[in-house]
Amino acid sequence: PGCRLQGRAMDADEEHFEVQKCLASASLINSNLSICSTSKCFSHKRKVVVKTSGKKAVLYKELATVCVLKHVELFQTVLIVCTENGDVCIYGKDHKKGIHSHRKTGTSGSGEKATLTSCASDGSETLFVGSNSGILVYSVTEKEMKLKYTIPSKTMITALALANKRLYAGDANGGVSVYKQNNEGVYGRYLTIEGKGYPCNCMDLLKGEANSLVCGMDDGKIDIVDLKSNSVAVSITGHSAPVTAISAHPEKARFATVSEDTFVNVWELKGEEVSVVQSTSITKKLGTGIKYCQGAKLLAVTFFDDSSIYFLTTM
């Protein structure tokens, strides 16, 4: 339904990353694409590919396979890269400058690896990292990075978002937990919306008056949580395979999703009604990342085992 998106991979001198030149294509991890004002990044195994305006793509190699890649606001815009060996790395937004790093081992202290899955920030000095044992809470300034405390969870945390001093966490059972600060500024669990057994792969907050959290599930469903009532207001089957990434429109009550079913969909929320505004499948490959960019005039999309970032015009 609706009009189809117009998609293309940009020319090599613009945004197309040739496999022969960068030797990397998108990994099959959720939300593996991140964009800031000066660069576009995606991950492949141990590599992070960075494209800045007017320059060729640059490939950076990490110490282990990348499992989290995201730009966040702390003391400045930074790029968070988490890897399978438990490293939480903070780089400048174009990855050129390493600022801080911390290695998190398992909860037993025996050297067991921690599984890192997602991240979010408060826009100031606090970084949250989701893991198999809970949420790691870091204090980050220009001078240092310090693990303050861990919010324990019996279920792996798989997605994070923060709004109005409330932290939202999706888990491997599809549940969404809400965390609030106490008088000492420490986050603790406030309530949990129970899941249905399928992991929550990704989430994003709708802007404007929608006051909703959109969650992409491993069974292809999209759950929309009303943040006033802290309950699932709408649940629809959005894709025929796992939803791997979500990007909320910066102004409207719209959001875009990409899935392992290869489809890119743009949705609009009106009250408790969700409708498809645009939909397309531009490749046979599995979708892995999606981001609004250029004032929401374009959607950037990545696909598994594909060295291109596709740019789709939106309505």
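Colleague: Which residues is Lys104 in contact with, leaving aside its neighbours within four places in sequence?
Modeller: Lys104 is in contact with Asn85, Gly86, Ala114, Leu136, Tyr138 and Thr150; contact here means heavy atoms within 4.5 Å. This is a predicted model, where local features need pLDDT of at least 70 and side-chain atom pairs count only at pLDDT 80 or more, while totals for chains, interfaces and linings use all residues. Residues are numbered from 1 along each chain as its sequence is written, and side-chain values use heavy atoms, with hydrogens and water left out.

Colleague: Where does Lys104 lie?
Modeller: In the loop between strand 9 and strand 10. Helices (H or I, at least four residues) and strands (E, at least two) are DSSP runs, numbered from the N terminus.

Colleague: Is Lys104 buried or exposed?
Modeller: Lys104 has 15% relative accessibility, so it counts as buried. The cut-offs are under 20% relative accessible area for buried and over 50% for exposed, with partly exposed in between (1.4 Å probe, protein chains only).

Colleague: And Leu136 from that contact list, what does it touch beyond its neighbours within four places in sequence?
Modeller: Leu136 sits in strand 12 with 0% relative accessibility, so it is buried too. Besides Lys104, its contacts include Leu116, Leu127, Phe128, Val129, Leu147 and Tyr149. Leu136 and Leu116 are 20 residues apart in sequence, and their C-alpha atoms are 9.4 Å apart in space.

Colleague: OK, core packing. Which residues touch the most other members of the largest nonpolar core?
Modeller: Leu127 and Val129, in a core of 18 residues. At least two core residues come from each of strand 6 (66-73), strand 7 (77-83), strand 8 (87-92), strand 10 (116-121), strand 11 (126-131) and strand 12 (134-140). A nonpolar core is a set of buried Ala, Val, Leu, Ile, Met, Phe, Trp, Tyr and Cys residues joined through side-chain atoms within 4.5 Å. Nonpolar side chains tend to be buried together in soluble globular proteins.

Colleague: What is Val129 in contact with, past its neighbours within four places in sequence?
Modeller: Among them are Cys82, Val88, Leu116, Cys119, Ile135, Leu136, Tyr138 and Leu160. There's also a second, separate core of 15 residues, which includes Ala159, Ala163, Met203 and Leu213.

Colleague: Switching to charges: how many salt bridges does a search of the whole structure find?
Modeller: Two, counting a side-chain nitrogen of Lys or Arg within 4 Å of a carboxyl oxygen of Asp or Glu. One joins Arg103 to Asp87, with the closest N and O atoms 2.7 Å apart. That pair links distant parts of the chain, since Arg103 is in strand 9 (residues 98-103) and Asp87 is in strand 8, 16 residues apart. Asp87 is buried at 9% relative accessible area, whereas Arg103 is partly exposed at 47%.

Colleague: What does Glu268 form a salt bridge with?
Modeller: Arg254, and here the closest N and O atoms are 3.4 Å apart. Glu268 is in strand 24 and Arg254 is in strand 23 (residues 254-259), so the pair ties together parts 14 residues apart in sequence. Arg254 counts as buried, at 12% relative accessibility.

Colleague: Now pockets. What volume has the second largest pocket?
Modeller: About 220 Å³. Pockets are found on a 1 Å grid over the protein atoms alone: a cavity is a set of points where a 1.4 Å probe fits but cannot get out, and a pocket is an open set with protein on both sides within 12 Å along at least five of seven lines. Grid points are joined across faces, edges and corners, and a volume is the space filled by probe spheres set on the points.

Colleague: Which residues lie nearest the centre of the second largest pocket?
Modeller: Ala210, Ser212, Leu269, Gly271 and Glu272, out of 14 lining residues, which are those with an atom within 4 Å of a point. Strand 20 (221-226), strand 21 (231-237) and strand 24 (263-270) each give at least two residues to the lining. It divides into six nonpolar, three polar and five charged residues; Ala, Val, Leu, Ile, Met, Phe, Trp, Tyr, Cys and Pro count as nonpolar, Asp, Glu, Lys and Arg as charged, and the others, Gly among them, as polar.

Colleague: Last one: what is the phi of Lys45?
Modeller: Positive, about 50 degrees, although Lys45 is not a glycine. Lys45 is in the loop between strand 3 (39-44) and strand 4 (47-52).
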